[in-house]
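Reader: I want to learn how to read cores and aromatic contacts in a model. Can you walk me through one?

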Amino acid sequence: KRNALVRRLPAVETLGSTSVICSDKTGTLTKDEMTVRRVFVAGQVVEVSGAGYEPQGTFSRDGSTVELSEPLLLLLRAAALACDARIAYDKGDDRWHVKGDPTEGALIVAAAKAGFDKAELDSKFPRTNEIPFTSETKRMTTLHATPEGLTAYSKGAPEMILDSCTSYLTENGEAKLQRADIAEILNASYEMAREALRVLAVAYKRNDALETAEREMTFLGLLGMIDPPRPEARAAIERCEEGGIKVVMITGDHPLTASAVARELNLLKDGRVFTGAELELLDDEELRREVEDIQVYARVSPAHKLRVVTALQANGQVVAMTGDGVNDAPALKKADIGIAMGITGTDVTKEAAAMTLTDDNFASIVAAVEEGRGIFSNIKKYLMYLLSSNIGEIGLMAGATLVGLPLPLTAVQILYVNLATDGLPALALAVDPPEADLMRRAPRDPRTGIFTRPVIMLMLAGGIWSTVVNLGLFVWALNSGRSIEEAMTMTFVSLVLIQFFKAYNFRSDRHSVLRRPFANKWLNLAIVWELLMLALILYVPFLQRAFDAFSLSLRDWLIVLVLSFTVSPVLELTKWMERRGWFGALS
């Protein structure tokens, strides 16, 4: 339902304790629907229209459509040839889709807007070899057979591509790359990045071989792509902040692009932006001291992810880390909660992760954290209810024995209370809807168990009051001239009703029972069913005999009902004291 598959059950408990979520940007915080918006080629900036993966759009400058120049055509052709992705039209939903990497899809769509068909290009200029992309080189190079001979086309991070270039393409042909030219190109890249565009550079080299393909290349241009943030991601980040969870963005993109997207998501406020190069300059102890102030990591590699996780854990944080590539597996394994991408993730990352997102959406991580908190909270409610009920039952039987009274319940009645009356309401509490403020609480300390002082005091208050009320009722009934059967029946009914009132009170260990008291439909059904069974036991003759029960009068019912209801104000008073810290901090 919430697009998160948990592979290992203990991870559910850890989810509720998560204090830091380290998330990838592309596809998790953003839609991963890349569209080329701007092109820098031959010293000029060209705007590209169109949306999504539909190969329809125009190229313009200052609002006017421009002719496709030779440098622009060569740039778009080179970008498309250096891609593995494809675009295809789906008649079912009347939309174009990318098959492969969305970034490559954007490049192919941009080329298609200029009249290039990817299949025709691959047929005309067949690929003969390639140097695949790695997180260290941040580039991909392919070699193709062309009329001019073997030609290498390379795309990647602007600074990495520029480092391998000695010339660049102008309107008048190739020219030697000077420092001023490099500064102009980098400035154009920074301007795109400041506007939250993801920037790729493209270069080529004619008459080449695989061994020298990435040296002395010719720079062709820059392509700036927009990847809009997911609208639900901003709200999810705000929920994390309310719940005391820090969100950290980790991306391979340019720091300016990363910080622009982070600000748009309201993720980057007073924190710092750190690059992989800066990370390399810090030793582990220095990183441990700095890591709490960093909210965005840019131009990082999977090895850097592992260092970030280790540093956060050294500071006592419970870390969730996302990843999709093979090299992300060590970081996912090291994290307290490794989260793999179900759509773009590799099998290796899915095996290493404790959880897989079926929709690759950051909001699903937050939903999973909420589920983790809710499950732990419901386990606590279940145990509080059962143990408090058992305390009341044991106290009743032990108290009667100690003061020399007859046993107030028969063996069958005790068995019924334990199996039926305790069972169904407890199971209903295990699926109780999450409390409204669940995601506004600080993360639970994983070293803190269920039975904190406030929880123990609440259980004892309910159990001891149940003992006092039921034992007092039994003594009063005997002294009022009622038969032992009638006294035992009144005590049996009172015990059952007290358990029902407790079930509603234990829906929260801190909030009033009056806050959405009947929100749990399963609990309501369980109580109605148990009341019906109780009525049958009291008024159906053969069941009366089996349970040694007695038909209560209206007056007896009123007495029992009023006495059993008194457990609610007692538990409300205990919660009031807990909220004011009388028994220690609430977890």
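Author: We take the nonpolar cores, then the aromatic rings. Keep in mind that this is a predicted model.

Reader: How should I read a nonpolar core, and which residues have the most contacts inside the largest one?

Author: In soluble globular proteins, nonpolar side chains tend to be buried together. Here the largest nonpolar core has 47 residues. Tyr 385, Phe 492, Val 493 and Leu 523 have the most contacts inside it.

Reader: Which helix gives the most to this core?

Author: That is α18, with 12 residues. Helices that each supply at least two residues include α14 (362-402), α17 (453-479), α18 (484-505) and α19 (521-539).

Reader: What does Val 493 touch, leaving out residues up to four places away in sequence?

Author: Val 493 touches Leu 534, Leu 538, Leu 552, Trp 557 and Val 560. There is also a second, separate core of 40 residues. Val 48, Leu 72, Ala 78 and Tyr 204 are among its members.

Reader: Now the rings. How many aromatic pairs does the structure hold?

Author: Seven. For any pair, look at the distance between centres and the angle between planes. Tyr 89 and Trp 96 have ring centres 5.6 Å apart and planes at 55°, so this pair is tilted.

Reader: Which charged residue lies over the face of Phe 376?

Author: Arg 444, at 3.7 Å from the ring centre.

Methods:
Residues numbered from 1 in each chain as written. Predicted model: local features only at pLDDT ≥ 70, side-chain atom pairs only at ≥ 80, totals over all residues. Heavy atoms only, no water. Core = buried A, V, L, I, M, F, W, Y, C linked by side-chain atoms within 4.5 Å. Buried < 20%, exposed > 50% of the residue type's maximum accessible area, 1.4 Å probe, protein only. Helix = DSSP H or I, 4+ residues; strand = E, 2+ residues; numbered from the N terminus. Contact = heavy atoms within 4.5 Å. Phe/Tyr/Trp six-rings, centres within 6.5 Å; stacked < 30°, edge-to-face > 60°. Lys NZ or Arg CZ within 6 Å of the ring centre and 35° of its normal.
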